[in-house]
Each structure stands twice: as structure tokens, then as C-alpha cells.
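Please look at the sequence and the structure before reading on.

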Amino acid sequence: NILFDFFKTSKSYSVLLEKHLELNQGINKKDINYIVNAIKGIFRKKSILEANINKYSRIKIQKIDLHTLILLYMGTFELIFCDSVPSYATINTIVNLSKYKKGKSSKFINAILRQIDNSNIDTINIKDLSIKYSYPKWILEKMNIQYKENTTISIIENDSNIPPIWIRINGLKTNSNEVSKILHENSIEFYQDQYLDNYYKIKNFDNNNVVK
């Protein structure tokens, strides 16, 4: 529903997320984390998802109705990028959801997802940078004028990665020793910035944990 509203209205993602979470207050924190990560992943990998869908769909992606397309985005994203979710579970869930949201599309969705599962286009095999990194071609063309190709690739690779979490310690309320103790007690891996003593970069953090 969040994805549908986003592509239908182009409203702010954060506003839509807040709206739908208010309407569905029974969702637990673990599921909310998954929803947020999946939606952001679909935004980041949209061009790759569309390349896979186009490979097996006889209908041009522009002609696929929005509900069906979003279900295909969701299924394709899980099949390619979510190793923790078994393929059969992804396909069954999306097909069942399609019967609820868009009944006539269930066979179409099932056929495409099964073909993607058997032979998907992954990021390694994509040579077109605009698809591989979901970048508009006009931006890449402008970057290639100013930079060498290796520099352009380095910039867009870093820009496409999930940003790390940084902590700035407020010296008026606590200190580095106290923060370090809290992080250790919660099994959160981190390291201190080499130039700024009051900045910690989080190396490994389970979003389902509640910091004590």
C-alpha cells in the first residue's frame, strides 16, 4: 500500500510510511524494519527489478497496471536480494497477495517470478550502469564529461550503498567511556573515528535489538 501510494501520488515516502503505520498499529518492530528495508531496497534497485521483469514479460512494463507491477517489484526484489527468504515462500506469498489485490494477474505474476527465480539478471551481469545502479542516463552522461569512467563508477557505487550509522557523543550529557560500555553491553560492534574522538561508526547492529 505504501509503494502504491508513492508511485500513484509521488508523495513523500516518510509521510506515507507514517500514515500507514498509524493505520496499522499492530505491526511489530521486526516487521516494520523489514517493510522499511524492502521499500528502500526497491527504490535503490528499481532499474534492475524492471530489467528482470521485462526479460520475461510479454507486456511492456509501462502497460502493466500499478498493483501488478508493485507486486512484481516486491517479489523480484526478494528473489534477488533477500537470501534469508526462501524462493518458494516469496512466490507463494506474492501470488496469494495478488489474488487479494489483483486476482486476474496471479497467473501472470506467478509465471514471471518463477522464471526470474530460475534465471535472474543479477548486478554482476549488467553492463549498463544506468540499470545496474538505478541512475538516470542523463546524470551519468554529465558525470562522464567531468570525470573518468573509473571515477564515475566509484562515485555511483558509493552513492548506491546503504549508508553506515554514525553516533556523535554529546559531551554535555555523557562521555565516550559510558557510550562504549552501553554499546559493548548490547553486543553492538563499533569503532572510533581516527580524527574525531566523539564520533563512533557502528559496524554491526541488529535493528531488532533494543538498546538498554
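Helices (H or I, at least four residues) and strands (E, at least two residues) are DSSP runs, numbered from the N terminus. The model is a predicted one, in which local features need pLDDT of at least 70 and side-chain atom pairs count only at pLDDT 80 or more, while totals for chains, interfaces and linings use all residues. Residues are numbered from 1 along each chain as its sequence is written, and side-chain values use heavy atoms, with hydrogens and water left out.

S106 belongs to helix α7 (residues 106-118). Because its relative accessibility is 11%, S106 counts as buried (under 20% relative accessible area, with exposed being over 50% and partly exposed in between, for a 1.4 Å probe and protein chains only). Leaving aside residues up to four places away in sequence, S106 is in contact with V95, S98 and K99, where contact means heavy atoms within 4.5 Å.

The axes of helix α5 (residues 66-81) and helix α6 (residues 87-101) come within 9 Å and cross at roughly 170°; axes are lines fitted to C-alpha atoms, for helices over the stretch in contact, and angles run from 0 to 180 degrees between N-to-C directions. The two helices α5 and α6 are therefore roughly antiparallel to each other, a label given to angles over 145 degrees. The residues that make this contact are tabulated below.

| Helix | Residues in the contact |
|---|---|
| α5 | H67, L71, M74, G75, E78, L79 |
| α6 | S87, T90, I91, I94, L97, S98, K101 |

A nonpolar core is a set of buried Ala, Val, Leu, Ile, Met, Phe, Trp, Tyr and Cys residues joined through side-chain atoms within 4.5 Å. The largest such core has 30 residues, of which I53, L72, L113 and I116 touch the most other members. Helix α5 supplies the largest share of this core, 8 residues. Among the residues that I53 touches, not counting those up to four places away in sequence, are I61, L72, Y73 and I116. Another core, of 7 residues, lies apart from the largest one and includes V179, I188, F190 and Y200.

Finally, there is an open sheet of 3 strands in the order β1-β3-β2, with antiparallel pairing; strands pair if DSSP finds at least two bridges between them. Its edge strands, β1 (165-168) and β2 (189-192), each pair on one side only. Strand β2 is joined to β3 (residues 199-204) by 4 bridges, and E189 has N204 as its bridge partner in β3. Helix α11 (residues 176-185) packs on the sheet, where it touches β1, β2 and β3, and its direction makes about 10° with that of β3.

Key:
Parallel < 35°, antiparallel > 145°, perpendicular 65-115°, else oblique.
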